[in-house]
Amino acid sequence: MNYLIPLLKKLFTSPYLALGFRLYLAWIFLYASLGKIADPAVFAENLAAYQIVPYWGLNLVAVIVPVVELACGFLLGIGIKTKAAASIAGGMLFAFTIFVLINILRGSQITCGCFDAVGDPIGWKKVIANTTWLLMAVHVFFFDRIHIFGLGNLFGKKRNNSGEIDFGL
């Protein structure tokens, strides 16, 4: 039984788990952004239903949020600036969760507007999904160490003390 805790710790802090979470979040954010970018007017209507964004700011938010989602998804997908992208994605997921919770407590019968113009109605299932994705973003922030374009350890490259790259050959 003593081996179980170190095994779980190793699994939880695994950079490969973080890579899986990072790629999954990239797909979620890219997919969510595409429909909103294609039709920002419908997204603005969905935002208006939440009654949180001031009316004068709806169009601005309806244009900016999908572009930020697209950028986060792209950066998470290719593994560049992953801490920044995970932070922004996590902040957005936190805000989305709060917005859904506010409208659940209000008793609003609105759809999410997360992926499609006609989506699922908001509810606790959406809160759980957003919270799960938020926890994935936190995990990526702390444990993602696999990068294709950087000097990460995907190909076994490491810098030694003199700054030279050691390929482990």
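Predicted model: local features only at pLDDT ≥ 70, side-chain atom pairs only at ≥ 80, totals over all residues.
**Exercise 1.** How many residues of the lining of the largest pocket are nonpolar, how many polar and how many charged?

*Solution.* Residues are numbered from 1 along each chain as its sequence is written, and side-chain values use heavy atoms, with hydrogens and water left out.

Step 1: A pocket is an open set of points on a 1 Å grid over the protein atoms alone, where a 1.4 Å probe fits, with protein on both sides within 12 Å along at least five of seven lines; lining residues have an atom within 4 Å of a point. Ala, Val, Leu, Ile, Met, Phe, Trp, Tyr, Cys and Pro count as nonpolar, Asp, Glu, Lys and Arg as charged, and the others, Gly among them, as polar.

Step 2: read off the classes. The lining of the largest pocket holds 20 nonpolar, 3 polar and 3 charged residues.

**Exercise 2.** Describe the second largest pocket.

*Solution.* Step 1: its volume is about 200 Å³.

Step 1: the lining consists of C112, C114, F115, D116, G119, D120, P121, K125, K126 and A129. By class, this lining has 5 nonpolar, 1 polar and 4 charged residues.

**Exercise 3.** Which residues form the salt bridges, and are they buried or exposed?

*Solution.* Step 1: a salt bridge is a side-chain nitrogen of Lys or Arg within 4 Å of a carboxyl oxygen of Asp or Glu. The whole structure contains 2 salt bridges.

Step 1: one joins D144 and R22, with N to O at 3.2 Å. D144 lies in the loop between α6 and β1 (158–159) and R22 in helix α2, so this bridge links distant parts of the chain, 122 residues apart.

Step 2: buried means under 20% relative accessible area, exposed over 50%, and partly exposed in between (1.4 Å probe, protein chains only). D144 is buried at 8%, and R22 is buried at 3%.

Step 3: E69 and K36 form a salt bridge with their closest N and O atoms 2.9 Å apart. E69 is in helix α4 and K36 in helix α2, so the pair ties together parts 33 residues apart in sequence. Both E69 and K36 are buried.

**Exercise 4.** Where is T97, and which residues does T97 contact beyond its neighbours within four places in sequence?

*Solution.* Step 1: T97 sits in helix α5 and counts as buried, with 8% relative accessibility.

Step 1: contact means heavy atoms within 4.5 Å. Leaving aside neighbours within four places in sequence, T97 contacts V127, N130 and T131.

Key:
Points joined across faces, edges and corners; volume = space filled by probe spheres on them. Helix = DSSP H or I, 4+ residues; strand = E, 2+ residues; numbered from the N terminus.
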